[in-house]
Structure formats: structure tokens, C-alpha cells
Amino acid sequence: MIPTQQLMDDHRKIEEMLDILEAAALEVESGHAVDQSHLAQMLDFLRQFADRYHHGREEQLLFPSMEEAGVPREGGPIGVMLMEHVLGRNFIAAMQAALDAWEEEGAPRRFVEQAQGYVSLLRGHIYKEDHVLFPMAQRVLSPTAQEALTERFAQVETELLRPEARQAYMCTLEQFSARYRRKAER
């Protein structure tokens, strides 16, 4: 499988969690009780799967390969993606701070605002990667470079996300999808 397809497959899982986070935030905003441990698990998924694993492979492998092929970091799509990765981390940190202070006045509202900002950012980010950056990578990376990148993806997969952790995150997605997304669709 080509490396950008692997990243796009990750995007589908991340989008699923964005839908779940958005539904949970709507519940909080509506005054419904939401299990704080669920919110913590959502943040863990976003921190570990979306950022550390997915963005990690982009930052450590894809982007440097694209730079080697002549795509500039500054003033181009790679720089924009890196900036958005930082913004995403800031949103996650702000959601975590609100969750840590949940009993304080306004903390749930702050969580909702940060969650909504993060969802909006990441949806746009994923669109840009799927429709601009990844097609560009496929054009500029030679078949040999793509094959090497695929091999490196496989090597770092176990470094960044153990197989049992991946399975646990997929189970969390399934559980929360049943709990939050289906409820939101009613």
C-alpha cells in the first residue's frame, strides 16, 4: 500500500473520533452528563493515535521525503501542515486543562469551545492533506522513494504505536461510535 493511502486510512479513523468528540461536546453543551473518563479517552486517542502516531509519521518521514524531492517546507503546504499540527496540540492541551478543572465554573464550556475549534481545524486539515498534500506527494516521490517510505512506515509503526494499543484504540472508536454518534443521529 502506498504511504499516502496509509495516512488517508488513518484519516478515516481520526474523522470518526472527530464525529464522536463533536457529539460528546454537543451533549456537554446541552447540559447532559457526559462521563469524564470518556472525554479523557477521546483526548488520549487524539494525543496518541492522531498526533503522536499519525502526525509523527508525517513529520518524521513523509514531510522530509517530500522536502528531499524539492517541496519547500517554508511557504508551502508542508509548513502549513506543521503549523496546524501545533495548533491541534494546543487545542488538545486546552481541552485537557478544561477537563482537569471540570468542576470549576465555565470549565465544561471551555472544553466544548476547544473541542469545536479542534474539530473544525482537523476537518480542514484532513481535507487539505487528502486533496492537496498527498496527491502532491504521489507526484513528486519516485516509486523507489514511495517504496522506501512504506518500509519506514512499517518500521516506525511499532515504535510509535504498539499493535495492542492500535487494537485498543479501534475498540474505543467502536464503543464510542455506538454511544455518541448513534445518539446524535437520533
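At which residue does helix α2 bend, and by how much? Helix α2, residues 36-68, bends by about 35 degrees at Glu59. The bend at a residue is the angle between axes fitted to the seven residues ending there and the seven starting there. Helices here are DSSP runs (H or I, at least four residues), numbered from the N terminus.

The model is predicted, so local features need pLDDT of at least 70 and side-chain atom pairs count only at pLDDT 80 or more, while totals for chains, interfaces and linings use all residues. Residues are numbered from 1 along each chain as its sequence is written, and side-chain values use heavy atoms, with hydrogens and water left out.

Stay with α2 for a moment. Just after this helix, Gly70 takes a positive phi of about 105 degrees. Within α2 sits His38, which counts as buried because its relative accessibility is 18%. The term buried means under 20% relative accessible area, exposed means over 50%, and partly exposed is in between (1.4 Å probe, protein chains only). Apart from neighbours within four places in sequence, His38 is in contact with Phe176 and Tyr180. Contact means heavy atoms within 4.5 Å.

Next comes the packing of α2 against another helix. Two packed helices are described by the angle between their axes and the distance between the axes. For α2 and helix α5 (residues 143-160), the angle is about 150 degrees and the axes are 10 Å apart. Axes are lines fitted to C-alpha atoms, for helices over the stretch in contact, and angles run from 0 to 180 degrees between N-to-C directions. From the α2 side, the residues that meet α5 include Arg52, Tyr53, Gly56 and Arg57. Their partners in α5 include Leu149, Arg152, Phe153 and Val156. By class, this contact has 7 nonpolar, 3 polar and 5 charged residues. Ala, Val, Leu, Ile, Met, Phe, Trp, Tyr, Cys and Pro count as nonpolar, Asp, Glu, Lys and Arg as charged, and the others, Gly among them, as polar.

Charged side chains bring up another topic. Side chains of opposite charge can pair when their charged atoms come close. A salt bridge is a side-chain nitrogen of Lys or Arg within 4 Å of a carboxyl oxygen of Asp or Glu. How many salt bridges does a search of the whole structure find? The search finds 13.

One of them joins the side chains of Arg12 and Glu15, at 2.8 Å from N to O. Both residues lie in helix α1 (residues 3-29), 3 residues apart, about one turn of the helix. Arg12 counts as partly exposed because its relative accessibility is 35%, and Glu15 counts as partly exposed at 27%. Arg12 and Glu15 are also linked with Asp130 in a network of salt bridges.

Another salt bridge joins Asp19 and Arg123, at 2.7 Å from N to O. Asp19 lies in α1 and Arg123 in helix α4 (residues 107-140), so this pair ties together parts that are 104 residues apart in sequence. Asp19 is partly exposed at 27% relative accessibility, and Arg123 is partly exposed at 31%.

Helix α4 also holds Val119. Is Val119 buried or exposed? Val119 counts as buried because its relative accessibility is 4%. Leaving aside neighbours within four places in sequence, Val119 is in contact with Leu18, Leu21 and Glu22.

Definitions and conventions: Helix = DSSP H or I, 4+ residues; strand = E, 2+ residues; numbered from the N terminus.
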